[in-house]
Amino acid sequence: MKKRYKLLSILIIALVLVADLHAQSTAHVAANIKGLNDGKIIFSYELNDVLYQDSVQADKGIFSRKIPITESVRCTLSNSVNKQISIFMLEKGSVTISGEIGKFYGLNISGSKENDLLNAYKTALYASPNKKPKPTGDEENDKKAIKDFVSKQQVFKDSVLSTFVHAHPDQIAAAIAILDLYVTYPDRPKAALNFKLLTNQVQQSSYGKRIKTFIDAAVNTKNGAVAANFSLADENGKRFSLADFKGKYVLIDFWASWCMPCRKENPNLIKAYNQYKDKGFTIVGLSMDSSKENWLMAVEQDKLPWLQLNDPKTTDGAAAEIYGVKSLPANFLIDPSGKIVASNLRGDALELKLKELLH
């Protein structure tokens with residue numbers, strides 16, 4: 001009998017632990033949105049390059065949903081009524097949403113400490129005491145005034161972010177703040193300085209890893225470094241990786257249909273390609289277009305004959321992140337052993353480098 005009670009106790013404890021683990025991995029969302037009526041709400045977020053999406057039908061603007069999350073995430077809500085979106089921090093536990101459909105972008109979120117912190121940070125960030133100078137008609141002085149203003153603004157933003165990260169190093173909101181200020185608008189030294197302040201747990205979060213990838217790209221893309229592998233699909237969905245081109249000199253070309261400097265470089269790439277394609281050289285285009293139609297139209301217009309792959313996540317995609325690409329055009333020349341031998345070759349530079357390597 002005692003053994004039976006003991007086994008029952010162990011089972012109950014195990015069930016409690018499982019239930020607690022489930023609760024800790026779930027965000028319980030309850031919402032009341034005026035004007036939504038019986039419209040549909042779509043939740044979406046991305047972690048570790050995996051997209052999560054779910055939807056729920058409202059009843060007179062009221063709905064609830066349990067959203068599985070492994071860590072606090074930046075979540076996007078969209079609705080079927082006016083197609084507006086709202087972005088907020090979603091975390092484990094109970095989160096309440098209220099507001100009206102006409103101001104969907106400004107929904108009230110309660111129950112998420114991460115969301116409150118990030119909102120407070122953004123408020124502080126935009127409360128700059130610096131005022132943009134008005135034009136005086138003196139071109140030289142106006143340029144100097146704008147330059148001084150931009151410099152002061154950056155100093156102010158750096159101070160606000162540093163204060164925020166020092167105060168909340170254990171919050172994922174701090175990692176997101178670093179991402180937004182120093183990865184989206186790339187500044188590796190400042191990203192690295194603030195990344196060191198984060199707790200180990202936040203550094204190991206999905207957002208922390210993205211910052212680390214950006215920081216590490218400075219070393220990983222130096223000449224002599226082994227080029228990072230990637231996997232992207234062509235227009236038919238067939239996937240290719242860098243490993244498929246081992247044994248050749250290959251230029252990885254990051255570009256986009258909307259990037260005019262990229263388009264102007266294409267004739268130089270075509271010239272080099274035609275001259276060295278039979279001597280162990282090829283090009284792989286990595287399009288950063290979110291629109292497949294625009295991407296393929298540009299390929300046809302510019303008559304690009306080499307393999308074209310696409311990342312619709314643009315410069316937020318995995319390939320761009322591991323190579324530290326935040327602006328276009330960008331390219332990396334990789335030798336037959338898989339090592340980077342040159343980067344950002346423009347004009348005649350590619351042709352001259354290939355002449356050096358292949359003659």
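## A covered helix

Let's start with helix α11. Its buried residues are covered by elements that include β11 (249-255), α8 (260-276), β12 (281-287), β14 (330-334) and β15 (340-343). Keep in mind that you are looking at a predicted model.

Which residues of α11 are buried? Within this helix, which covers residues 349-358, they are L350, E351, K353 and L354. Looking down the axis of α11, you would find these buried residues within an arc of 160°, so they line one face of the helix.

## The largest pocket

The largest pocket holds about 1200 Å³. Its lining is made of 39 residues, and R74, L179, D180, R210 and D316 are the closest to the centre. Several elements give two or more residues to this lining, among them β2 (40-47), β5 (73-79) and α7 (206-220). Which element gives the most? That is α4, with six residues.

What kinds of residue line the largest pocket? By class, 16 are nonpolar, nine are polar and 14 are charged.

## The whole protein

Step back, and you can see a protein with 11 helices and 15 strands. Its C-alpha trace spans about 85 × 70 × 45 Å along the principal axes. There are 359 residues, of which 43% count as buried.

The protein exposes about 19800 Å², with carbon and sulfur atoms supplying 54% of that area.

Notes
Residues numbered from 1 in each chain as written. Predicted model: local features only at pLDDT ≥ 70, side-chain atom pairs only at ≥ 80, totals over all residues. Heavy atoms only, no water. 1 Å grid on protein atoms, 1.4 Å probe; cavity = no way out; pocket = protein on both sides within 12 Å on 5 of 7 lines; lining within 4 Å. Points joined across faces, edges and corners; volume = space filled by probe spheres on them. Helix = DSSP H or I, 4+ residues; strand = E, 2+ residues; numbered from the N terminus. Nonpolar A, V, L, I, M, F, W, Y, C, P; charged D, E, K, R; others polar. Buried < 20%, exposed > 50% of the residue type's maximum accessible area, 1.4 Å probe, protein only. Arc of directions from axis to C-beta. Contact = heavy atoms within 4.5 Å. Areas by Shrake-Rupley, 256 points an atom, 1.4 Å probe, with all protein chains shown as cover.
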